[in-house]
Amino acid sequence: MGTTTIDAFIKTPLIVVAAMGALLLLFLVLIQLRNTAKPSFIFYISAGVLTAGALFALATQHIFNFIVAVAFSVVILIPYSILKAFDNPQKREEKKAAKKLAEQKAAIENSEVTKAAIAAIEAKNQRLLEVNKDLVAQVSTFFSRDNSMESFLEYCNTMISEKISADGCVILISDDYDNMLAVKSLKGSFPPPYKLPEDLPHKPIRVETNLRFAQFPLKDNIFGEIFSGGEPVLITDSVRDPRIYQNGPEDFLKCGSYIFVPIRQQEGVVGLIALTRLPGKAKFTKEDFDTAIILTDAVSSAMKPLYSFLAYAEHAELSKDGTIASKYQKDLQPAKLPVIPSATIGCFSNTVEGVCGDYYDVLISRKDRISFVMTDVAGKGMNSLVVMIMIRAILRLTTNTEQSAATILSWANRGICLDSSKIDHFASVALINYNSNTNEAQIATCGNNPVFHFVASEQKLNQISIPSEPMGVEKNTVYTDINLKLNSGDILITCTDGVIEALNENGAQYAKENLTRVVLKNCNASAKDISNKVKDDLRKYCGTTQQYDDQSLLVIKIQ
């Protein structure tokens, strides 16, 4: 009986394997054709090798050939399986998306429409860049002009009107103090979009004049509302927009389309530019609106250095005026205090650079009258110096009369109020008329300069002055006399509010309480020593804290 090997029984399994491999290849082809999935080419190779190995083993009758084919098929699948086992589908999809996006971007950039749009934007930006350069170059030419900001705004008004082809343009700048918008530049025909005053005649010249010098609150009108909102606004149909007030029926009052653009800077909105096209003209477009916004930004950028220069120039001028004024202020103070048999006198004055507000004087006008004056003039620099000289001259003339202290202040007040110059005239004055023969004092004050009376018998410091309207406010103001009988050891003290309101590093005022403490502690000393003690205490209290007002004090002690 012959020997039988396994190869004698392998035909049937090999035929089955070959048939299944062929069927697998057929299905892979169908999947590819129908696009139901994306099988890897590895599956084709593996199925092909398995099918070919089965057929070759069937033909040669050697199972070894089939085993080699199976092993090779598995070896092909293992690397693919490893890759898929550690694959990150999300990252793969992101790479595909990025690649697709890059392809789309490249396609868009290469399209003729995109190229044309980019070219148009570049051309527009180039024109606007030239506007910025022109504004920056032009702004330096306005530094040396008398009305620098007004001239600059006029130039900007003309430039924007031409670039936007507007029929009219108005530029408004905010006034933080009054919380108002003031018209600073008006060009062309600008039908007012706000309600005109009822009593204003509807004539072109009157309406234009009303707008040219108008001021607007920050509400209840379109200028204030858009300024407060801080966002640019395009109004193409003013008839249907409730924010536009129709003043008609005159043709020159009929409103067309408008553009409103706030002028923004780092500290916030500082102004507003408004443009208009008259009815019957082409309405403003979105492109006009965008151009107006960019032009306004350019104006804002150019305004910043001009603002800074004007602020510096003003500060330099004030410093110069303040230096001159401070020199003359010192010359107005008494070079030497007079000697009075029945009283001692002490004083000091700490001046702040550029302020020039305080002035004191001692006038021996008659045997029975010695006048002590303490004045605090409002304002700074040369303006306050001029008022100070006026008050000093009037008091030196009137204290020599028989009139009371209150009457003398009334005369001085009337003389100051009658001055027609544009500078402020306001001042606080304390006038003490002292009779050394009878030890009597007559006191009158206006404004805030206090007068204190230390009563030696009671060891108490009282404020005897009453705050009243300052000098220079109303020519018919009436002042009141305060009559005192003084005794030995009594002290009269007057000072400016710079002493009482002096601040320490915590922002706390020196106040009457500290002054009282020093006076009570040193009430037995001379007037000069008391004033020096107050000066030292005030310096220690304030330390290095910056003060913004002159500090002056006058002490009179009865012997």
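Biologist: How many bridges pair β12 with β13?

Modeller: This is a predicted model. Strand β12 covers residues 451–455. β12 and β13 pair in the antiparallel sense, and the count of bridges is four.

Biologist: Which strands are at the edges of the five-stranded open sheet?

Modeller: The order is β7-β16-β15-β12-β13, with antiparallel pairing. From one strand to the next, the twist averages 15 degrees. An edge strand here pairs on one side only, and that applies to β7 (343–350) and β13 (460–463).

Biologist: Which strands does α13 touch on this sheet?

Modeller: α13 packs on the sheet, and its direction makes about 140 degrees with that of β13. The strands touched by α13 are β12, β13, β15 (491–495) and β16 (551–558).

Biologist: What angle does the direction of α14 make with that of β7?

Modeller: α14 packs on the sheet too. α14 touches β7, β15 and β16. With the direction of β7, that of α14 makes about 25 degrees.

Biologist: Are α13 and α14 oblique or roughly parallel to each other?

Modeller: α13 spans residues 511–521 and α14 spans residues 527–542. Their axes are 10 Å apart, and the packing angle is about 140 degrees. Roughly antiparallel would need over 145 degrees, and roughly parallel under 35. That makes α13, relative to α14, oblique.

Biologist: Which residues of α14 meet α13?

Modeller: α13 passes α14 in a right-handed crossing. From α13 come N514, L515, R517, V518 and V519. By class, the contact has six nonpolar, one polar and three charged residues. On the α14 side, the residues are I530, K533, V534, D537 and Y541.

Biologist: α13 also holds A511. Is A511 buried or exposed?

Modeller: A511 is not a glycine, yet its phi is positive, about 65 degrees. Most residues other than glycine have a negative phi. The relative accessibility of A511 is 18%, and the cut-off for buried is under 20%. So A511 counts as buried.

Biologist: Which strands stand at the edges of the six-stranded sheet?

Modeller: This open sheet runs β3-β2-β1-β6-β5-β4, with antiparallel pairing. An edge strand has a single partner, so one side is left without a neighbour in the sheet. The strands in that position are β3 and β4 (233–235).

Biologist: How many bridges join β5 to β6?

Modeller: β5 covers residues 257–265 and β6 covers residues 268–277. The two run antiparallel. F260 stands opposite A274 in β6. The number of bridges joining β5 to β6 is nine.

Biologist: Which strands does α8 touch on this sheet?

Modeller: Helix α7 (residues 204–212) packs on the sheet, touching β2 (180–188) and β3. α8 packs on the sheet as well, and its direction makes about 135 degrees with that of β6. The strands touched by α8 are β1 (168–175), β2, β3, β4, β5 and β6.

Key. Residues numbered from 1 in each chain as written. Predicted model: local features only at pLDDT ≥ 70, side-chain atom pairs only at ≥ 80, totals over all residues. Heavy atoms only, no water. Axes fitted to C-alpha atoms, helices over the stretch in contact; angles between N-to-C directions. Parallel < 35°, antiparallel > 145°, perpendicular 65-115°, else oblique. Left-handed = near helix turned anticlockwise from the far one by under 90°. Contact = heavy atoms within 4.5 Å. Nonpolar A, V, L, I, M, F, W, Y, C, P; charged D, E, K, R; others polar. Buried < 20%, exposed > 50% of the residue type's maximum accessible area, 1.4 Å probe, protein only. Pairing = 2+ DSSP bridges.
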